[in-house]
Amino acid sequence: MPSNGTQELPPTPQLRRSPLARLPASIVERGFATGMRGASALSGFRLNRRVEAQCALVEPLVNPRGIAVRELETDELRLLSFNIQVGISTRRYRHYLTNGWKHLLPHEARADNLRQIGDLVADYDVVALQEVDTGSLRSGFVNQVEYLAYRGNFPYWYAQLNRDLGPIAQHGNGLLSRVLPSTLEDHKLPGTFAGRGAILMRFRFGGTEVLVVLLHLSLGERSRHQQLSYVRSLIEDEPNVVVMGDMNSHLRGLLRDSPLAETSLLPADDARPTYPSWRPALTLDHVLVTPGVEIRSCRVLDCHVSDHRPVAVRIALNRARHPA
């Protein structure tokens with residue numbers, strides 16, 4: 001697949017320039033406008049307890065420079081799930097303490113990390129992003145999903161805002177897609193506290209409809225159980241489903257000891273640990289499919305620009321269930 005060799009973004013300037021100067025000016029300008037509009041949000045912010053699920057039908061945003069999958073002749077799609085930790089590289093546990101300020105303030109390395117992430121995701125057709133910033137002080141008022149869409153030449157993108165701290169942090173999930181969604185839904189997941197979400201995307205592939213659920217689940221087991229129960233209700237009776245994201249749970253916890261045990265979801269045969277990125281020991285990031293979808297390959301990429309490693313899969317329709 002062509003990556004960003006076509007209509008490449010402006011070359012990255014030298015390190016002596018500020019992080020904002022290293023990003024496309026149009027994105028920076030829109031980011032500043034977004035950040036300023038949200039400057040009064042802190043006055044009404046509170047950690048709501050017993051959050052109920054909410055859903056909204058939304059539209060993807062369009063990047064006219066993007067390369068759509070319809071230009072490719074293939075019977076498979078390449079999917080990627082990546083928790084990018086708002087562009088922060090973590091290489092030791094102690095960095096959570098020593099680099100904690102980077103979750104609040106901009107820093108020079110974040111622009112370089114985003115550039116590397118943009119080059120990495122450019123090789124995929126659908127990308128699920130977790131822990132993105134949609135335009136606040138710490139990101140230089142840059143919507144990171146928008147930047148990655150333009151860097152990777154994705155024609156369709158959507159940024160889901162789940163935790164709004166005004167100009168300090170705009171925390172959420174993101175979707176990058178070369179496939180035109182037939183429908184797109186923004187779901188705020190239930191739980192003890194607000195701040196977790198899922199994006200549902202329907203699209204046509206191989207002559208049939210596929211449902212992809214992109215999500216980031218809570219750390220707490222009780223909230224995670226509520227969220228998985230909600231996800232189960234979304235995919236019931238759906239024959240062709242992909243569920244992907246940072247699920248903060250092992251496969252056993254997902255497929256044996258959670259509401260997903262009552263579904264037909266299956267993991268890749270060769271799932272590998274994804275966290276922490278510098279020495280993976282825990283398998284927290286997953287791609288699960290129903291029997292109507294086949295995972296042809298699964299890889300955890302050797303990548304060190306976050307505290308998670310990305311999971312890459314190639315999927316196709318299961319022809320035993322979808323005869324030509």
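The buried residues of helix α3 (residues 108-121) pack against β4 (76-83), β5 (126-133), α4 (144-151) and β7. Here, helices (H or I, at least four residues) and strands (E, at least two) are DSSP runs, numbered from the N terminus. Buried means under 20% relative accessible area, exposed means over 50%, and partly exposed lies in between (1.4 Å probe, protein chains only). Which residues of α3 are buried? They are Arg-110, Ala-111, Asp-112, Asn-113, Leu-114, Ile-117, Gly-118, Leu-120 and Val-121.

This is a predicted model, where local features need pLDDT of at least 70, side-chain atom pairs count only at pLDDT 80 or more, and totals for chains, interfaces and linings use all residues. Residues are numbered from 1 along each chain as its sequence is written, and side-chain values use heavy atoms, with hydrogens and water left out.

Now take the whole chain. Its secondary structure comes to 6 helices and 16 strands. Of its 324 residues, 55% count as buried. Contact means heavy atoms within 4.5 Å. Among contacts between residues at least 6 apart in sequence, 74% join residues at least 24 apart.

Next come the sheets. Two strands pair if DSSP finds at least two bridges between them.

Of its 8 residues, 7 are buried, so β4 is largely enclosed by the rest of the structure. β4 runs antiparallel to strand β16 (residues 311-317), and 6 bridges join them. With β5, β4 pairs in the parallel sense over 5 bridges.

Move on to β5 and β7. These strands run antiparallel, joined by 6 bridges. Asp-133 stands opposite His-171 in β7. That strand covers residues 170-177. Is His-171 buried or exposed? It is buried, because its relative accessible area is 15%. What does His-171 contact, leaving aside neighbours within four places in sequence? Its contacts are Val-86, Glu-131, Val-132, Arg-138, Gln-160, Leu-161, Asn-162 and Arg-163.

There is another open sheet of 7 strands. Its order is β2-β8-β10-β11-β12-β14-β13, and the pairing is mixed. The edge strands are β2 (54-58) and β13 (266-267). Each has a single partner strand, so one side of each has no neighbour in the sheet. Strand β11 (residues 208-216) pairs with strand β12 (residues 241-246) in the parallel sense, over 6 bridges. Leu-211 has Val-241 as its bridge partner in β12.

Asp-186 sits in strand β8 (residues 183-188). At 7% relative accessibility, Asp-186 counts as buried. A polar contact is a pair of N or O atoms within 3.5 Å; within protein, one must be able to donate a hydrogen and the other to accept it, and residues adjacent in sequence count only if both atoms are side-chain atoms. The side chain of Asp-186 makes a polar contact of 3.0 Å with that of Gln-160. Another, of 2.5 Å, joins the side chains of Asp-186 and Lys-188. Not counting residues up to four places away in sequence, Asp-186 touches several residues, including Gln-54, Cys-55 and Ala-198.

Arg-202 belongs to strand β10 (residues 197-205). Arg-202 counts as buried, because its relative accessibility is 18%. A polar contact of 2.5 Å joins its side chain to that of Glu-238. Arg-202 and Val-179 are 23 residues apart in sequence and 9.6 Å apart in space, C-alpha to C-alpha.

Turn to the cysteines. Cys-55 is partly exposed, because its relative accessible area is 48%. Cys-303 counts as buried, at 9% relative accessibility. A disulfide is a covalent bond between the sulfur atoms of two cysteines. The test is a pair of cysteine sulfur atoms within 2.5 Å. How many disulfides does a search of the whole structure find? It finds 0.

One ring remains. Arg-178 lies over the face of Phe-154, at 4.0 Å from the ring centre. A charge sits over a ring if NZ of Lys or CZ of Arg is within 6 Å of the ring centre and within 35 degrees of the ring normal.
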